[in-house]
Amino acid sequence: MKTYKYLFLLLLSISIVGCSDLEEHPVGILSPEGFFSTVDDIQIAVDASLTHAINEEIWGRKLSIALMLRSDMVNLQSTQTRRVEMDTHSITGDNEMVYDPWIRIYLGIAAANNAIAGADDVTADETIKNPVIAQAYFARAFYYFHLVRLFGDIPYLDAPVEGDAAYSINLTPESEVYDNIISDLEFAKTWLPNTVASRAIPSKAAASSYLALVYLTRAGTSDNTYFQKAFDEAKEVIDNKETYELDLDPDFQTLFNADKIDASLEPIFALDYNAVEADDNSYDQICPMTGVSGDEDDGGWSVAVPTMAVYESFEAGDYRRDVSFQTEATIKGALVDYTNFTISGNGSAANQPYIAKYTRYPGQYARGNKRATSHNYSMIRYAEVLLIAAEAGVEIGSPLAVDYINEVRGRARNGGQSTSGGYTEQAFPSSTIPADLTSVTVADVLEERRLELAFECKRWYDIKRRQLGDQVFGASGYEGAKPDWNSAVDYDTPIPNDEIDRNSNLTN
């Protein structure tokens, strides 16, 4: 595990590196004092903040894979202790899959705070300056939303930290963190534009969509005030989809095709990679983590693999099953189905369908085993907004809930252009599956989220906010019983031990 001796002192500065569609400014280390004089300078700091999200320590691998493993959708085919802890819910504060995302997320927050603080030194009309500052507020909310869902009570920093104050920071209650996230997103929604040149740039729709998801999360299992807020916010996005240039993509596969997704209307906010192995590990490795060992299509590492029960939970005829799973691979010169994946001789291979969302159409990539791809990873997309409205709508008794979930199911029936898990592209015809629902329950919507958003790192957060752990990690769950699961402690991630050693105020 890497050793960081001065986490909050690191937050005094921001490193600017990256490989996304954001502007790249390799200007080294910046401080808000003396740097900010123009709106462009604020934009540099904003881009720095969002660039941290694409790092290997967050979405490039460590956080994204941890979220997959903690869910009930993905099993571990590895013996590395840090991953075993995630898969079995025996997570310790010494785990680098806890510590590295914690550090990197706070660096992203530090850069956002520097942008906001530095903006005070910039003289410009608010109509020019505030839309850029709003991106920083969005970035800060984006990062804190991950942290609060992972850890619960956390240190909340809304300004650059100076001197010895770094060692006396206290935990902020979870409810107060949510209040601050909502405030940031409300500011962002006020000032961000309706449309943007790239979905990697925050928009008004992105702020509104995240507000809906934050309200849904804060509602938990029973707070109708927040369910109403979630419904209203999601409905605002849906009702204005033409203004925001949003819609369901007619072909579900397009959402996971790096060569096509830029033209899709469905992503609302994305982390965008461009086949660059950038400095500081700012590239993604999800393809090899989920790919088949021995596959001659540049192979994988067979680390995060769904169980057969997960595959079988998708109805045959549901196009999302065809897109989401790899069922064939060329191994040792032969095209084989998943019952023969282990002929590779690689001990980590498993004879079961693998995740295909990221391995099938990665676009150009800069390293072997499909690392440093061209993927745009949708952090939130229009289908999820429909499902937020459906779930909240059920809770408040809106008749629109069934319409929203059926819109998502209808797209799944469209079929489209994909492969069968091998390499020959084919047309998948339209289907009658899944059929429209005539009524809808919360369980129906949660199941639809599980299918629609499979392997997109959403499921663990759904399990936590709906307190589903005892149900899904029991003997009847898709992965079988997980005896280490303890609902009294395992919904929250332990704060890194090194942080607590330096500052006892961080003890939960």
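Modeller: Contact, or touching, means heavy atoms within 4.5 Å. This is a predicted model, in which local features need pLDDT of at least 70, side-chain atom pairs count only at pLDDT 80 or more, and totals for chains, interfaces and linings use all residues. Residues are numbered from 1 along each chain as its sequence is written, and side-chain values use heavy atoms, with hydrogens and water left out.

Colleague: Which residues does S71 touch, not counting residues up to four places away in sequence?

Modeller: S71 lies in the loop between α3 (62-70) and β3 (75-76). Helices (H or I, at least four residues) and strands (E, at least two) are DSSP runs, numbered from the N terminus. With residues up to four places away in sequence left out, S71 touches R459, W460, I463, F473, E479 and K482.

Colleague: Is S71 buried or exposed?

Modeller: Buried means under 20% relative accessible area, exposed over 50%, and partly exposed in between (1.4 Å probe, protein chains only). The relative accessibility of S71 is 3%, so S71 counts as buried.

Colleague: What distance does α14 reach from its first C-alpha to its last?

Modeller: The expected span of a helix is 1.5 Å times one less than its number of residues. For α14, with 15 residues, the expected value is 21 Å, and the helix comes close to it, reaching 21 Å.

Colleague: How much space lies in the largest cavity?

Modeller: A cavity is a set of points, on a 1 Å grid over the protein atoms alone, where a 1.4 Å probe fits but cannot get out. Grid points are joined across faces, edges and corners, and a volume is the space filled by probe spheres set on the points. The structure holds 11 cavities of 30 Å³ or more. The space in the largest cavity is about 110 Å³.

Colleague: How many residues lining the largest cavity are charged?

Modeller: Lining residues have an atom within 4 Å of a point, and among them here are W59, F256, H375, R381 and E456. Ala, Val, Leu, Ile, Met, Phe, Trp, Tyr, Cys and Pro count as nonpolar, Asp, Glu, Lys and Arg as charged, and the others, Gly among them, as polar. The lining has 6 nonpolar and 3 polar residues, and the charged ones number 2.

Colleague: Which residue is joined to I433 by a cis peptide bond?

Modeller: Omega of this bond is about 0°. The residue is in the loop between β12 (425-428) and α16 (442-452). The partner of I433 is P434.

Colleague: What is the relative accessible area of S302?

Modeller: S302 is found in the loop between α11 (286-290) and β5 (304-305). Its phi is positive, near 50°, although S302 is a residue other than glycine. S302 is buried, because its relative accessible area is 0%.

Methods
On a 1 Å grid over the protein atoms alone, a cavity is a set of points where a 1.4 Å probe fits but cannot get out, and a pocket is an open set with protein on both sides within 12 Å along at least five of seven lines; lining residues have an atom within 4 Å of a point.
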